[in-house]
Amino acid sequence: MTLFEELTARGLVAQISDPKEVPDLVNNGKATFYIGFDPTADSLTAGHFMVLCLMKRLQSVGNTPIALIGGGTTMVGDPSGRQDMRSMLTVEAIDRNGERFKQQMSKFIDFSDGKAIMANNADWLRNLNYLDFLREYGQHFSVNRMLTAESVKSRLEKGLTFLEFNYMIMQAYDFYELFLRYGCNMQMGGDDQWSNILAGTELIRRKLAKDAHVLTMTLLLNSEGEKMGKTARGALWLDPNKTSPFELYQYWRNVSDADVIKFLKMLTFLTLDEIKEMEPWQGEQLNRAKEILAYEITALVHDKETAAQAMETARELFKTGGAADMPTVKLEQADFDASGRIDILTLLQKSGLCPSKADARRTVEQGGVEANGAKVSAIDATFAMDDCTGEGLIIRRGKKSFRKVTII
């Protein structure tokens, strides 16, 4: 089975621009491809995870990934999949987020020895002369055609700013620049980016009389058509300080029965033969498949040891009756300091897991405390009110003592 056939069998491929050229490039390591990442937050999300894994798959057979940080496009804002305009970030915040993205991407992509390229479109977008740019490139974009793009159509009734309307042109220009600078011959992205990416291939054709190609990925949806990667507390982050490894594990451990096999194919590196063996599993076996899914994803995002720890915590939690039946402690706003935080020693005492702060200190120093599946090793660790909202903060002492901490 070729790599492209495997990607298709895993349900990762949505659309391609050329049924002959795209598989040939992918299978023979001839693709220099890019995927854009707009740093709108200080961490990548579960949606980015699937993209990074796809880049990793293509790199493994000799293709060259270009990870493009959107230091310029983030200043415009992608309207795709949005009901309203994104919040405007400062340049400093965009650059700071971009640096965090680079760190997280390096866990998935090998950037050594010219095996991959890290670029930032701020290098060419931020200093563009607006009039020169319009004269040189604006003539190649049809407003009528732009209005047919799904990302534009879906926003016209509720309002689309002229700033956001420019996003397609900026993204197309990125492809053109990367083609010139690095010989980038393919762009990949979510299937909701199809029109934007095609605009880039058209710009390259018009300006350079060259061909470039497109591969869009299936959007990460559950069996009911809902976008995955959202929790009661918001996005599912790859940063362990924003979404703990335990929370990440539990999210994938609790997917619906109908989605397990699909997500094993799309989000793990288990072979298709291994996954095929799980297809008839039911009951307890199906729960085991969910554990495998959650473990594999957590191990990829963090590491195997952390994933194993999250699995153990989840199993012990299940033995105690699960989060729904766990003893719950409700804190008040007055329990938090002026900055809205509470330290771990106070939390252990107020939750009843430790009779005193002295005992809490010893327990932490001995490595016997976890918060949402992550070991707490610092006696001065603190938690925010937000950590106790939604499903609450799960504190564990030792192997079997749990408390769910919520806020009134």
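Is the crossing of α12 and α15 left-handed or right-handed? The crossing is right-handed; in this convention, a crossing is left-handed if the near helix is turned anticlockwise from the far one by less than a right angle, and right-handed if clockwise. The structure is a predicted model, in which local features need pLDDT of at least 70 and side-chain atom pairs count only at pLDDT 80 or more, while totals for chains, interfaces and linings use all residues. Residues are numbered from 1 along each chain as its sequence is written, and side-chain values use heavy atoms, with hydrogens and water left out. Helices (H or I, at least four residues) and strands (E, at least two) are DSSP runs, numbered from the N terminus.

**The helix pair**

- The axes of α12 (residues 245-253) and α15 (residues 284-301) come within 8 Å and cross at roughly 145°; axes are lines fitted to C-alpha atoms, for helices over the stretch in contact, and angles run from 0 to 180 degrees between N-to-C directions.
- On the α12 side, the contact (heavy atoms within 4.5 Å) is made by P245, L248, Y249, W252 and R253.
- The α15 residues in this contact include L293, A294, Y295 and I297.
- By class, the contact has nine nonpolar, two polar and three charged residues; Ala, Val, Leu, Ile, Met, Phe, Trp, Tyr, Cys and Pro count as nonpolar, Asp, Glu, Lys and Arg as charged, and the others, Gly among them, as polar.

**The six-stranded sheet**

- Six strands form an open, mixed sheet in the order β1-β6-β5-β2-β3-β4, where two strands pair if DSSP finds at least two bridges between them.
- β1 (13-16) and β4 (117-120) each have a single partner strand, so one side of each is left without a neighbour in the sheet.
- From one strand to the next, the twist averages 25°.
- β2 (residues 32-37) and β3 (residues 64-69) pair in the parallel sense over six bridges, and I35 has A67 in β3 as its bridge partner.
- Helix α3 (residues 46-59) lies across β2, β3, β5 (186-190) and β6 (213-217), at about 165° to β2.

**The five-stranded sheet**

- Five strands form another open sheet with mixed pairing, in the order β9-β15-β14-β11-β12.
- Its edges are β9 (328-331) and β12 (374-375), each with a single partner strand, so one side of each lacks a neighbour in the sheet.
- β11 (residues 369-371) pairs with β12 in the antiparallel sense over two bridges, and A374 in β12 is the bridge partner of A371.
- Helix α17 (residues 344-351) lies across β9, β11, β14 (393-397) and β15 (401-407), running at about 120° to β9.
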